[in-house]
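Keep the 3D view open as you read.

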Amino acid sequence: VSGSSGAGRAIVVGAGVGGLAVARVLIDAGMDVRVVERARRVEPVGAGVALWPNAVHVLRSLGLGEVVDDAAVPKGEQGLRRADGRPLSSMDAHAIEERYGAPLALIHRSTLHRAMLDVVMSERIVTGREVVAATEAGEGIASVRMDDGEELSAELVVGADGLWSSVRQAVLGVAEPRPSGIAAYRGVAAWERPFRSGEYWGSRDVAGLVPIDGGRAYWFRTRREPPNAAPISDEQLVRELAGWAPELGEVVAATPRGAILHHHLFDRPPAKTLIRGRIVLLGDAAHPMLPFIGQGACQALEDASVLGAELAEAGDIPSALQRYDRRRRARTAPLIRTARMLARATHPQTSSTARLRDAVVARLPDRMRHRQLDSILAAPER
Ligand SMILES: Cc1cc2nc3c(=O)[nH]c(=O)nc-3n(C[C@H](O)[C@H](O)[C@H](O)COP(=O)(O)OP(=O)(O)OC[C@H]3O[C@@H](n4cnc5c(N)ncnc54)[C@H](O)[C@@H]3O)c2cc1C
């Protein structure tokens, strides 16, 4: 890796999970790193996040293994439930840790973010600045333009600016993300009483309830909604959970008013490339996927780790980017499709389809469930 200052300069656009992880990796590679973040304060939007073993491995390699110690690591039987709470298909959390060498860690996004900020020195992060465009400046340089017209140049520009990425336009042109017709409501409540943890499959949509760090419970609930629909009220959200396991409605009702998040869910079809010259895309800017396999943030972490490994191995930035592009598209394209398929399966059009689905899922042999989980959690051979 060559450049004007040691290993070269890098600009990372976006200080989300992906941006902070790649900043750490590039600092470790000896690069002079600047992170540009649009928000005035680096604060994560979100409630809980599931970090599967593939992400836990990356966090450990970044020196963030302690985050997992703080997280709630489910013990015993987990898995899918029917809406009323009866098990549909179970998964042993201990077996996951044995099989993949790391646990499934459930954590508040702000706990994760704070830990990640600590490993990227704050003077490297410029906040309250929006990148409006990225361009290849030629001669081994790329640049970004800010909303006030200022330009910054570097040997490497990483677009980690999320679903509505501006940097992506420099790589792939203008294209809107794909609305799914499904919206998610999410929240966190202080919760001490025991509850049945897992994902609940209803006849039209899904809900989830899991423990996270700090004695709290993280819940989510999806609904079919048009992309620009206003959120339903907190009361209606609780009302619509009548008939589901009672703890779901109780935890939603215990969530502080005004703290429930509402987002339409989008993804994009797999991209034909993630690089252009010295510009590279990572995380949701590269391969946004629907959250039904809980892999968006996990894949952003994998991206950062692979980029670091390829920079360390290749003699120059362009060859490292070529290899990153090939590996990350191969890894994420099937995940985008699996997440989309699960979105359809979990939001059936009729209740008879839902009954048929449940019958199939309940009878799925362990061997097939393992195979599916392997394809999500185990990175493919290089
Ligand atoms: C309902 C829901 C549940 C989810 N659950 C999980 C889960 O359990 N497990 C999991 O792994 N993933 C989950 N995900 C996916 C996960 O949230 C995302 O994949 C992940 O946050 C992507 O990280 P990122 O760093 O790429 O992007 P982001 O987190 O979106 O960060 C992008 C950053 O860039 C900044 N930015 C944007 N534009 C600009 C600009 N022009 N200039 C400067 N800065 C800019 C933003 O302010 C932001 O800080 C879920 C998503 C949803 C919607």
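Helix H1 passes helix H9 in a right-handed crossing. Keep in mind that this is a predicted model. The axes of H1 and H9 come within 8 Å of each other. They cross at roughly 20 degrees. H1 is therefore roughly parallel to H9, since angles under 35 degrees count as roughly parallel.

Now turn to the other partner of H1. Helix H5 covers residues 109–118. H1 and H5 pack with their axes 9 Å apart. The angle between them is about 25 degrees. H1 and H5 are therefore roughly parallel to each other. The hand of this crossing is left-handed, whereas H1 passes H9 in a right-handed one.

What surrounds the ligand? The shell holds 31 residues. The closest are Gly18, Glu37, Ala50, Arg109 and Asp284. By class, the shell has 13 nonpolar, 10 polar and 8 charged residues.

Which part of Asp284 lies 2.7 Å from an oxygen atom of the ligand, side chain or backbone? An N or O atom in the side chain of Asp284 does. Arg38 uses its backbone instead: one of its backbone N or O atoms lies 3.0 Å from a nitrogen atom of the ligand. Taken alone, the ligand exposes 1,000 Å². The protein buries 85% of that area.

Which elements give two or more residues to the shell around the ligand? They are helix H1 (17–28), strand S3 (48–51), strand S12 (178–190) and helix H9 (296–313).

Helix H4 spans residues 93–100, and helix H12 spans residues 366–377. Their axes are 12 Å apart. H4 and H12 pack at an angle of about 55 degrees. That makes H4 oblique to H12. The crossing of this pair is right-handed.

To recap, start from the ligand in the viewer. Find the side chain of Asp284 by the ligand oxygen, then the backbone of Arg38 and its ligand nitrogen. Finish with H4 and H12.

Definitions and conventions:
Residues numbered from 1 in each chain as written. Predicted model: local features only at pLDDT ≥ 70, side-chain atom pairs only at ≥ 80, totals over all residues. Heavy atoms only, no water. Near = heavy atom within 4 Å. Polar contact = N/O pair within 3.5 Å; in protein donor to acceptor, adjacent residues only side chain to side chain. Areas by Shrake-Rupley, 256 points an atom, 1.4 Å probe, with all protein chains shown as cover. Helix = DSSP H or I, 4+ residues; strand = E, 2+ residues; numbered from the N terminus. Nonpolar A, V, L, I, M, F, W, Y, C, P; charged D, E, K, R; others polar. Axes fitted to C-alpha atoms, helices over the stretch in contact; angles between N-to-C directions. Parallel < 35°, antiparallel > 145°, perpendicular 65-115°, else oblique. Left-handed = near helix turned anticlockwise from the far one by under 90°.
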